[in-house]
Amino acid sequence: MSRFKHLYLTPQGSIWDLPDDAYAVVEFIDTPRRPVMNVTLGERLLYRNAVAEIDVDAVTAEVERFNADPEAGRKHLLADMADAMLEGEAREFIAAASRVAQLADHLAPAAGLAPLELDWDQWWQIDPTSHRTVSQATITADDTGTVVHVEADGQVVPLFLSTLSRRMPTLEGAVAAFNYDPSTHFRALHMDAIRKGFYIASYDARRAALAMTGRAEHMAALITD
Amino acid sequence: MTEFRNLRLRVFADTPLVDVWSAPAPTAGELTVRIEKIEADTFLASAKAGSHTLLPVTAFDSAGIAELKAEALAYLTDPEGSWKQLLSNLAHRRIQGQVRAIQNVTTEAADARPHLRSDSGFTMLRFLEDHEAIGGRGRKSLTVTGPAQLFIDPDFQRPTVTAPVSDGDKILLYDAEETAAPDGLEAEIDRFNASPQSSLNALLRARALSAYIAQMDLLEKVAVRVTAYADALRRLDEAGERSPSDL
């Protein structure tokens, strides 16, 4: 069965529940303004439009096609609604993710301690309640590279990792700044990491959701056969 | 830095969110705090900074009034820094709301997903190659100009099915590393050829849907990450000097 051009479901009530044994019913109703054609499936409206503005025969033919195989018809209507909803959800997702990224700009002043940062793969495992017991940052440099770490409630947390053994002046300066108030700066680095996470998530969401909406347009073009 | 517990930016209909973020910081002279004593230890207070309500009329005891006065004094001392702090507090609150919206959207998408029909009706034939006519957004689908045909690739000795399309090219519908066509392939080709354009559209749709579903998987993963970040932010707030109820 090919898809329907006229009949459609809108999300209402228990949106995914359709009566198992119902057939589509056509009614012509004289409203105060003008006669309308109504098609219902149980409690759900499948079509409603002014008779003067539509091709009644085409809609009736589609109703007959639905009633010839209601089970397949229900699946098609649900699939069409799912398509439409997902496109809408994708757009909402983009909007919400974009707003999160915009809001992230205002979370707090940046720590300004580059190149120090919380390790990208570990930061969310760090318990923020340990911020009050953050040690001074320590630089360790040897032939294998340079590491800066702190201890937060006894947990060793790297703030900088490099395979270069040469100590950089900017690193020394950042560590000195950090050590002026480790607890506050640790919190600021944590906030930086969260902000960066929101930015990247927003970018990923936008990319995926735009691809989804593009696909949805393409699929809609293929339903018209 | 003073933590603002009583003064908060709020988003009202008369102060849309966009204005809050782009508005200049109200100056010290634009801060208005009204305090009225109504009983022995009960006061009514409200505050505005320019057109932004920072505190609707609220009852306080004398300790609360002292706290409010300290916050007002902090604002008067450093309007720019205080305004940034108020914006930051608002951002914290609203991010949690936006992440809940993302979670709701993801749940609704997950509910819709089982109803998508990604089956083309064919088990062996598939749309196997990128084609410039379907690659771009908004472009039309391909037009089939003849029947699909099975042939044995002379170079690789394997069965291949192609169909001609309107730009003179052929699209690949089957290509397997076998020496002979599997049972049922010719029957599928016959079924395809009974209605070539509808069949091709069904294959294209199935292909588009599988890509669509893959993007949904990505969005669900993003939602999980964003939720983790929001949770980390909430824990960070709770662990810091202020709690969410203070924001």
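1. The model is predicted: local features need pLDDT of at least 70, side-chain atom pairs count only at pLDDT 80 or more, and totals for chains, interfaces and linings use all residues. Residues are numbered from 1 along each chain as its sequence is written, with chains lettered from A and ligands numbered from 1 in the order in which they are written.

2. Chain A is assigned domain 1 (24-104) and domain 2 (123-205); such bounds come from an automatic or database domain assignment. Their centres, over C-alpha atoms, are 54 Å apart. Seven residues of domain 1 of chain A contact six of domain 2 of chain A (contact: C-beta atoms, placed from the backbone, within 7 Å).

3. Chain B has six helices and six strands. These are DSSP runs, helices H or I of at least four residues and strands E of at least two, numbered from the N terminus. Their order from the N terminus is α-β-β-β-α-α-α-β-β-β-α-α.

4. Of the 247 residues in chain B, 30% are buried (20 or more other C-beta atoms within 10 Å of the residue's own, C-beta atoms being placed from the backbone).

5. Beyond four places in sequence, Leu159(A) contacts residues including Leu116(A), Ala137(A), Val148(A) and Leu189(A).

Key
Two residues are in contact if their C-beta atoms, placed from the backbone, lie within 7 Å. A residue is buried if 20 or more other C-beta atoms lie within 10 Å of its own, exposed if 12 or fewer, and partly exposed in between; C-beta atoms are placed from the backbone.
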